[in-house]
Amino acid sequence: MTVAPQPIEVAGTTSAAGRGRWRPESGFSRSAIVFLLPAALLLIVFLVYPTIYTILLSFNRGRRGEFTEWVGLRNYEQLFFRDPAFLDLSRFPPSGALWNNVLWLVLYVSFVLFLGLVIAVMAGRVRYEALIKAVVFLPMAIAATALAVIWTFVYSPDPDQGVLNAMVTAGGGDPIAWLGNPGIVNFAIIAVGVWGSVGFATVILSAALKAIPTEIIEAARVDGASERQIFRRIIVPMVSLPMSVLAVTLVVNVIKLFDLIFVMTAGGPGVSSRVLAFTMYSEAFQGGLFGKGAAVAVIMLLLLVPVMIFNIRRFRSERVI
Amino acid sequence: MAQQADALSGPAIQPAPRTLGERITRVLNKAPIHIALAIVALIWLLPTIGLLVTSFRPRTDIQNSGWWEIFQLRFTTQNYEQVLFSQGLVDALINTVWISVPSTIIPLLLACMAAYAFAWLRFPARDWLFLLVVAMLMVPVQVAFIPVLTLFRILDEQTGIGLLRGYGAVWLAHTAFALPFGIFLLRNFFITLPRDLIEAARIDGASDIGIFRTIVLPLSVPAIAAYGIFQFLWVWNDLLMALVFVQDGDKWPLTRQIQSLLSFGGAEWHLLAAGAFILMGVPLLVFFSLQRYFVQGLLAGSVK
């Protein structure tokens with residue numbers, strides 16, 4: 001393998017070849033049309049047209065997904081102020097799909113980054129580094145549906161089936177309904193999400209750690225820095241860029257999160273583990289409220305716009321676009 | 001594990017310990033790390049191993065004792081037979097293949113073509129259009145559901161081509177949502193190819209299709225393979241797109257079938273465990289055999 005297909009690695013290699021400016025006298029050549037047309041058609045039908053359609057539909061009642069009655073901002077108003085399944089700030093702790101996404105954002109992103117870094121640092125100091133990384137990375141290959149089955153079994157309320165409750169009852173406690181208790185369910189599923197993504201962070205951060213010149217760490221050791229100081233003052237700052245790129249990816253994962261919730265709890269018990277993507281699906285396709293579903297999709301899109309801008313800036317600075 | 005060593009890490013550079021004493025101190029110094037890593041390995045392996053063991057246990061055993069009671073374990077392959085042939089998972093497996101293969105090959109071809117145009121052809125507003133493609137990376141699939149379903153429903157009613165009853169809708173949807181990432185990745189690979197080579201071919205009178213087929217594609221096999229594997233696993237593992245765009249129950253893929261086993265089957269764990277491993281089989285095979293491409297595809301895919 002000579003060249004990795006990573007956007008990051010082609011940084012700075014943008015040759016003059018790709019940069020030629022179009023001259024006004026030449027239009028779309030025949031080959032340009034042949035090469036671009038199939039992709040362009042699909043992108044227009046599946047991305048450009050639907051984006052406009054969904055935005056407009058979110059201001060409409062949208063029966064059967066068609067434009068039936070203009071309702072202005074009513075779908076949004078309903079979501080934010082009159083739908084406790086979407087957002088309920090009247091109690092403490094707050095609840096609702098949007099709140100659950102915030103919970104995911106904070107806990108999932110920070111735990112994945114933290115555990116990823118800690119495992120990468122530890123693995124880098126032993127001989128069986130590759131093995132550990134492969135073990136932790138393995139869940140990345142597996143469908144979220146399979147992760148959901150694996151963990152629903154771990155969380156089984158029956159102590160003869162679920163290993164967690166077997167441990168709880170062996171310690172003298174009563175079995176816990178990990179997925180059946182509204183106060184626990186979100187944390188239980190977030191743990192699964194973390195378990196599934198730590199390997200990804202470990203592999204990326206491990207590569208970043210290897211790029212730190214060993215002289216810097218040696219010099220700090222000679223100067224009498226403790227391992228903790230080395231970790232906090234050298235390692236963390238030196239991997240902060242890959243960390244931020246990774247964090248953005250994890251944020252996107254959270255906003256798009258669907259399969260795990262749908263398979264493990266279908267948003268339950270009640271509505272307590274719903275997230276945005278689940279709400280969009282359930283309002284539109286289970287409840288037939290297409291206007292409301294469209295509004296949720298637009299909210300997801302709006303949350304992803306800052307990520308879009310971040311990525312474009314990053315690629316620009318790396319000269320890949 | 002030799003293969004994994006070069007895919008996941010560089011060599012660990014450590015000076016060799018000189019004496020037995022040094023060696024022992026070294027191991028002892030690292031004891032906390034070894035213990036912590038052992039715990040990590042356990043947490044990451046046990047849930048999957050537990051389900052794997054369960055998938056081979058008779059149904060009555062599963063109900064009466066945990067998989068960790070190793071002295072009582074009896075094994076059978078009956079769960080796999082039952083879930084494949086009585087629960088119809090063999091059909092779902094075939095459906096998954098039917099969905100995954102075209103949903104990998106079509107976007108691969110179309111993304112290569114568009115990427116070639118963005119890298120080596122000149123046309124109006126090229127850089128702006130490429131920026132638009134990059135912006136599309138972030139558009140969530142949810143945005144497409146209602147408009148595309150409505151469009152296809154009307155199309156099916158008017159023409160009777162049955163996009164939603166067959167695989168047409170899901171192939172097209174997977175293809176379209178794979179394109180922005182594919183075009184981005186491959187275009188950035190294609191522009192690193194030597195300009196002289198392509199210019200020389202042009203001077204010799206080669207057509208764009210000729211250059212694309214004989215120069216660009218053969219030289220870009222690593223990037224195309226990484227993207228192809230990433231896309232194949234993405235589709236294989238997908239539940240959401242199938243949920244929305246495959247409306248005929250006979251055409252459901254594995255993910256959908258297993259999901260319905262879990263929610264309507266009242267936790268028949270002997271079937272679910274076997275089903276989950278049938279779903280995991282191909283991705284795990286790909287993971288162990290093509291790990292290098294797989295990891296690269298996933299890392300590159302982090303922008304998706």
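**Exercise 1. Decide whether A:Thr152 is buried or exposed, and find its contacts.**

Solution. Start with the relative accessible area of A:Thr152, which is 12%. Buried means under 20%, exposed over 50%, and partly exposed in between, with a 1.4 Å probe and protein chains only. A:Thr152 is therefore buried. Helices are DSSP runs of H or I with at least four residues, strands are E runs of at least two, and both are numbered from the N terminus. Last, list the contacts, meaning heavy atoms within 4.5 Å. Neighbours within four places in sequence aside, A:Thr152 touches A:Leu179 and A:Met264, and also B:Leu262 and B:Trp269.

This is a predicted model, where local features need pLDDT of at least 70, side-chain atom pairs count only at pLDDT 80 or more, and totals for chains, interfaces and linings use all residues. Residues are numbered from 1 along each chain as its sequence is written, chains are lettered from A in the order in which they are written, and side-chain values use heavy atoms, without hydrogens and water.

**Exercise 2. Classify A:Trp99 and describe its surroundings.**

Solution. Take the relative accessibility of A:Trp99: 26%. That value makes A:Trp99 partly exposed. Its helix is helix 3 of chain A, residues 97-123. Leave out neighbours within four places in sequence; A:Trp99 then contacts A:Phe86, A:Leu87 and A:Pro94. Now compare sequence and space. A:Val275 is 176 residues from A:Trp99 in sequence, yet their C-alpha atoms are 8.1 Å apart.

**Exercise 3. Describe the interface of chain A and chain B.**

Solution. Count the residues in contact: 113 from chain A and 119 from chain B. Then take the buried area, the accessible area (1.4 Å probe) that two parts lose on being put together, summed over both. Here it is about 10,400 Å², with 76% on carbon and sulfur atoms. Look for salt bridges, each a side-chain nitrogen of Lys or Arg within 4 Å of a carboxyl oxygen of Asp or Glu. There is one between the chains. A:Glu66 pairs with B:Arg153, and their closest N and O atoms are 2.6 Å apart. On the chain A side, helix 1 (residues 30-57) gives the most, with 19 residues.

**Exercise 4. Summarise chain B.**

Solution. Begin with secondary structure: chain B has 16 helices and zero strands. Then burial: 58% of its 304 residues count as buried. Finish with contacts at a separation of 6 or more: in chain B, 72% of them join residues 24 or more positions apart.
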